[in-house]
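Here are my notes on the model you sent. Please read them with the structure open.

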Amino acid sequence: GTQLTLTRLDQGNTPAVPGMETEQTRVGQDGTFTFRDVPPGQYRVMARGAVRDPNAPDNGRGGRGGGPGGQGGPGGFGPGGRGAGILQVLWGSADVNINGQDISGVAITLQEGMTLSGRIQFDGSGVPPTDLTTVRINLTPRGANQQAMDFGPTPPPTIDASGHFTIKGVLPGKYTLTAGIGGGPFGGGGAAGGGGAARAGGGGG
């Protein structure tokens, strides 16, 4: 089903309300949703839904360990992992100003997630493998608000033997992109230090 997260945008120097840095709920079968007991302020409602392959084993949900079917680390992907079986990721957002009165009729239009693509490169004098399809790619959210939004996995990335990769279904936000092979990280997209930064555009910041 579709999951929604309510995040406060105008926190500033205002003391945080316990439990209200982010709030999550799910959409009902009729498309309606409700957040209760929300303090006044400026908020963003982010929605995320996944279209899954009904023929995928276990509906695409794998284990979280490092072995076969495991997630392979935070934000990681692997055969049978969390992202397996997802055909498409949909997202939408709406900004809401709450001034102490109930608000109804907030409409969120879902659209396809964005695509992040690039190429794996090696730094140093080591000889890279000739087949890079075994590279593990991790896409990790950056920032406290975005890290608090557990929207679940995206479809597994595709990568060819020359190192060109594509990650579909990415929601708007800032991310750290890392890649590794043989148990260790290396620079992704030409960035040194085991990874690089990426930003997906859209309604969320």
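In what order do the 5 strands of the open sheet stand? The points below start there.

1. **Basis.** This is a predicted model; local features need pLDDT of at least 70, side-chain atom pairs count only at pLDDT 80 or more, and totals for chains, interfaces and linings use all residues. Residues are numbered from 1 along each chain as its sequence is written, and side-chain values use heavy atoms, with hydrogens and water left out.

2. The order is 2-1-3-4-5, and the pairing is antiparallel. Strands here are DSSP runs (E, at least two residues), numbered from the N terminus. Two strands pair if DSSP finds at least two bridges between them. Strand 2 (22-26) and strand 5 (111-112) are at the edges. Each has a single partner strand, so one side of each lacks a neighbour in the sheet.

3. **Strands 1 and 3.** Strand 1 (residues 3-8) pairs with strand 3 (residues 41-52) in the antiparallel sense, over 6 bridges. Leucine 6 faces valine 45 of strand 3.

4. **Glutamine 3.** This residue belongs to strand 1. Glutamine 3 is buried, at 12% relative accessible area (buried is under 20%, exposed over 50%, partly exposed in between, with a 1.4 Å probe and protein chains only). Its side chain makes a polar contact with the side chain of glutamine 24, at 3.1 Å. A polar contact is a pair of N or O atoms within 3.5 Å; within protein, one must be able to donate a hydrogen and the other to accept it, and residues adjacent in sequence count only if both atoms are side-chain atoms.

5. **Aspartate 37.** Look at the loop between strand 2 and strand 3, where aspartate 37 lies. Aspartate 37 is not a glycine, yet has a positive phi of about 55°. Most residues other than glycine have a negative phi. Aspartate 37 is exposed, at 75% relative accessibility.

6. **Cores.** The largest nonpolar core has 18 residues. Those with the most contacts inside it are Ile120, Val135, Ile137, Leu139, Phe165, Ile167 and Leu177. At least two residues of this core come from each of strand 4 (86-98), strand 7 (136-141), strand 9 (164-170) and strand 10 (173-181). A second, separate core of 8 residues includes Leu4, Tyr43, Ala47 and Val96. A nonpolar core is a set of buried Ala, Val, Leu, Ile, Met, Phe, Trp, Tyr and Cys residues joined through side-chain atoms within 4.5 Å.

Terms used:
Helix = DSSP H or I, 4+ residues; strand = E, 2+ residues; numbered from the N terminus.
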